[in-house]
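Biologist: Hello! I am new to this structure; could you walk me through it?

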Amino acid sequence: MAAIRTYDANTIGSQEVLAAVKKRQKGPMILFCILAGILLVLGILGLIIENYVLFAVMIIFILPFLIPAIIYIYRFTHPMKCSPLKKRPVALQQADWMFRNIVFQNDLVVVSPNFFAPKTDISSIIPVQEVLITYKRVVQTNFTTMYFWVIETVRQTIQIPYLKANEQLVSESLDAIAPLCPHIRVGHNPENLKYKEYMKAMWEQTQVNQGNMNT
């Protein structure tokens, strides 16, 4: 298991978020660049040795690899065009504020009075005002059992993976976060799910009304 970083008040949150967004693009970018490069080399080799089958293979298959490679290169060099920053560029300011005002952190989350984020994806800045319900989710397959701490907000659903042996971390994190979230409910049950849908609908209508007022 990779070492979990401990942040301090000197951490620049916006830089951490930008680095996290770029990191998500790096793997696919390298993969598609390598595949496109291999096909390009095969095509050039086919021209050199006059094996036009190799050249035809390059012509047919290079675009499905080259186009994603270009897209991921663009996203890597322009992280502000990637989700979640494309939809919420204010997340960079929120991240700076969060890291300057850390009140709690463990291997799962870093928490400030107004925002928190999972350490598995530090770019997912969550305003405490937007949290609606939270619960644990267990996913069983033929090969393994996976554990997730689910946080549902008015905007998104965050799933934070954890090991069964580290379940206490979820309780510690929830104890730190829950008092900061005025609208939070704990548990996956019909009543809380109805509450979530009602609150999301109210929030979305508020956004529409504010948009109409600004036009």
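Modeller: Gladly, and a definition comes first: buried means under 20% relative accessible area, exposed over 50%, and partly exposed in between (1.4 Å probe, protein chains only). This is a predicted model, where local features need pLDDT of at least 70 and side-chain atom pairs count only at pLDDT 80 or more, while totals for chains, interfaces and linings use all residues. Residues are numbered from 1 along each chain as its sequence is written, and side-chain values use heavy atoms, leaving out hydrogens and water.

Biologist: Is Ile38 buried, partly exposed or exposed?

Modeller: Ile38 sits in helix 1 (residues 13–48); helices (H or I, at least four residues) and strands (E, at least two) are DSSP runs, numbered from the N terminus. The relative accessible area of Ile38 is 45%, so this residue is partly exposed.

Biologist: Which residues touch the most other members of the largest nonpolar core?

Modeller: A nonpolar core is a set of buried Ala, Val, Leu, Ile, Met, Phe, Trp, Tyr and Cys residues joined through side-chain atoms within 4.5 Å. The largest has 19 residues, and those touching the most other members are Leu108, Phe116 and Trp149.

Biologist: Which element gives the most to this core?

Modeller: Strand 2 (109–111), strand 6 (145–153), strand 7 (157–162) and helix 4 (167–177) each give two or more residues. The most, four residues, come from helix 4.
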